[in-house]
Amino acid sequence: MPFRTLGDMHLDHSYADAFPELVHAAHAEEQPDPQLVVLNEPLARELGLDPAWLRSADGIQFLLGRGGNRTVAMGYAGHQFGQLSPRLGDGRALLLGEIDGRDLHAKGTGPTVYSRGGDGRGALGPMLREYLVSEAMHALGVPTTRALAVIATGRKIMRTGTVPGAVLVRSAASHLRIGTVQYTRLISTDMELTERLCTYARERHYPGLSSHEEFFAAVMDAQIATVSQWMRLGFIHGVMNTDNTTLSGETIDYGPCAFLDRFDPATFFSSIDTHGRYAFRNQPAILGWNLARLAEAMVPLIEVDTAQELMNSFPARWEQAQATQLARALGTDDPDIGRRWLEHLETNAPDLTESHRLLNDDPDAISDPQWVADWRALHPQPMEHPFHIPRNHLLDSALRAAEAGDLAEFHALLAVVTDPFNDHGVEFRGPAPEGFDDMFRTFCGT
Ligand code: AMP
Ligand code: MG
């Protein structure tokens with residue numbers, strides 16, 4: 001039976017109950033004219049929520065964090081672009097509670113004690129961007145937070161100019177991050193809180209494991225599994241700070257994210273990432289760097305030598321995951337064929353997604369006939385490559401139209417990218433027109 005009224009709701013508060021030190025009671029601000037822009041009905045049903053109720057005035061208030069439930073802002077720290085910020089936390093978001101062990105969380109709900117001068121709000125464009133890209137990632141099979149709804153608030157907010165405000169509601173295995181563990185070390189003098197948090201996260205995300213060492217290795221493997229899929233698909237997260245690296249391994253916080261079109265490993269898009277720290281090719285190394293920050297925060301729960309050994313195992317674990325993803329892309333784990341394919345991509349910089357599709361549809365169109373002949377001779381296994389990713393130029397255009405009040409393009413693109421293994425037509429395929437990438441910059445935190 002789905003929940004049909006607020007009275008039926010059974011949100012759990014296991015985290016807020018267990019960690020009063022790590023949360024602040026906080027309330028969502030009242031919104032002048034809330035309008036539901038997009039609702040993920042299948043996800044609502046999965047969570048046991050009645051879509052018809054969520055569309056009602058009461059349901060919308062619930063989504064906005066104003067249903068009368070207990071709401072908290074979560075504290076965390078984080079290394080941002082290499083610098084430690086000791087106190088970040090939910091500056092514009094609230095944890096509404098948990099349903100069946102998954103967090104329900106609303107972003108753009110107004111200022112909290114963690115806002116650090118920010119307005120606590122979200123802009124419609126970026127909230128819709130997170131909705132669409134996270135749902136596309138889910139459809140592509142990548143571990144990710146899910147998007148439940150975007151509600152326009154009726155507020156005009158200040159960014160570069162005035163833009164419509166909005167709240168995004170998402171669900172996640174949890175919102176625990178490497179930065180949450182770092183935060184416990186910064187606000188306490190002994191290891192008690194850190195130990196309790198790591199135990200809670202282990203029991204919640206990796207039941208069956210029993211030691212801190214196994215927990216650390218499980219986080220490492222989960223993150224490697226996720227980021228290695230980003231690399232196969234050409235996804236650039238854009239802000240791989242330790243506060244945006246989850247303990248569950250789910251991809252989180254789609255700010256200045258983008259997909260590669262033409263294969264250029266140096267690609268980065270974020271306007272604030274001026275040195276390209278989070279460029280496509282750097283993502284594995286940055287993941288290793290972030291995991292080292294987790295290891296540091298966990299010492300001496302994990303002995304320092306053991307932590308070092310675990311970190312030393314990262315390159316081999318990464319290589320293994322990357323080889324798995326390459327074999328998945330090519331239908332063969334032949335290392336020479338894999339190496340020459342990567343050389344082909346780097347030398348010719350073709351569109352990554354279309355190149356993968358050619359392996360399925362028309363290998364003879366690949367510009368290295370010798371490679372194709374050698375690859376064929378290996379009798380590759382069937383491969384499953386998406387026709388569609390959220391193309392930067394299409395998403396950009398859809399978000400501009402949405403900000404101007406027209407959601408048709410957004411809904412059309414959403415339908416395509418959430419069904420990426422069926423061909424929805426050439427207009428949704430292929431790279432941006434020449435010159436688009438040079439001027440394309442995505443913005444985060446907006
Ligand atoms: P993000 O880059 O979105 O992961 O956010 C990094 C940090 O900045 C988090 O602590 C956010 O809560 C905070 N933040 C981002 N935007 C705002 C805003 N408009 N108002 C207050 N805090 C914000
Ligand atoms: Mg974040």
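**Ground rules.** I number residues from 1 along each chain as its sequence is written, and I letter chains from A and number ligands from 1 in the order in which they are written. Because the model is predicted, local features need pLDDT of at least 70 and side-chain atom pairs count only at pLDDT 80 or more, while totals for chains, interfaces and linings use all residues; side-chain values use heavy atoms, with hydrogens and water left out.

**Entry: helix 10.** I looked up helix 10, residues 304–312, where helices are DSSP runs of H or I with at least four residues, strands are runs of E with at least two, and both are numbered from the N terminus. Ala307, Leu310 and Met311 are buried there (buried means under 20% relative accessible area, exposed over 50%, and partly exposed in between, with a 1.4 Å probe and protein chains only). Seen down the axis of helix 10, these buried residues fall within an arc of 100°, so they line one face of the helix; the arc is that of the directions from the helix axis to the C-beta atoms. I recalled that an α-helix has 3.6 residues a turn, so residues three or four places apart point the same way. On the other side of helix 10, I found Asp305, Glu309 and Asn312 exposed. The buried residues of helix 10 pack against helix 8 (212–233), helix 9 (283–298) and helix 11 (314–330), where contact means heavy atoms within 4.5 Å.

**Entry: the magnesium ion.** Which residues coordinate the magnesium ion (ligand 2)? I found Asn244 (OD1) and Asp253 (OD), at 1.9 to 2.2 Å; donors are N, O and S atoms within 2.8 Å of the metal (3.2 Å for Na, K and Ca), and water is not among the atoms, so sites may look incomplete. Asn244 is buried at a relative accessible area of 11%, and Asp253 counts as buried at 15%. Asp253 lies in the loop between strand 11 (235–236) and strand 12 (258–259), and has a positive phi of about 65° although it is not a glycine.

**Entry: the largest cavity.** My search of the whole structure gave four cavities of 30 Å³ or more, and the largest holds about 70 Å³ of space. On a 1 Å grid over the protein atoms alone, a cavity is a set of points where a 1.4 Å probe fits but cannot get out, and lining residues have an atom within 4 Å of a point; grid points are joined across faces, edges and corners, and a volume is the space filled by probe spheres set on the points. Among the lining residues I noted Asn244, Trp230 and His237, and helix 8 gives the largest share of the lining, three residues.

**Entry: backbone.** A cis peptide bond, with omega about 10°, joins Val299 and Pro300, and Pro300 is in the loop between helix 9 and helix 10.

Technical notes
1 Å grid on protein atoms, 1.4 Å probe; cavity = no way out; pocket = protein on both sides within 12 Å on 5 of 7 lines; lining within 4 Å.
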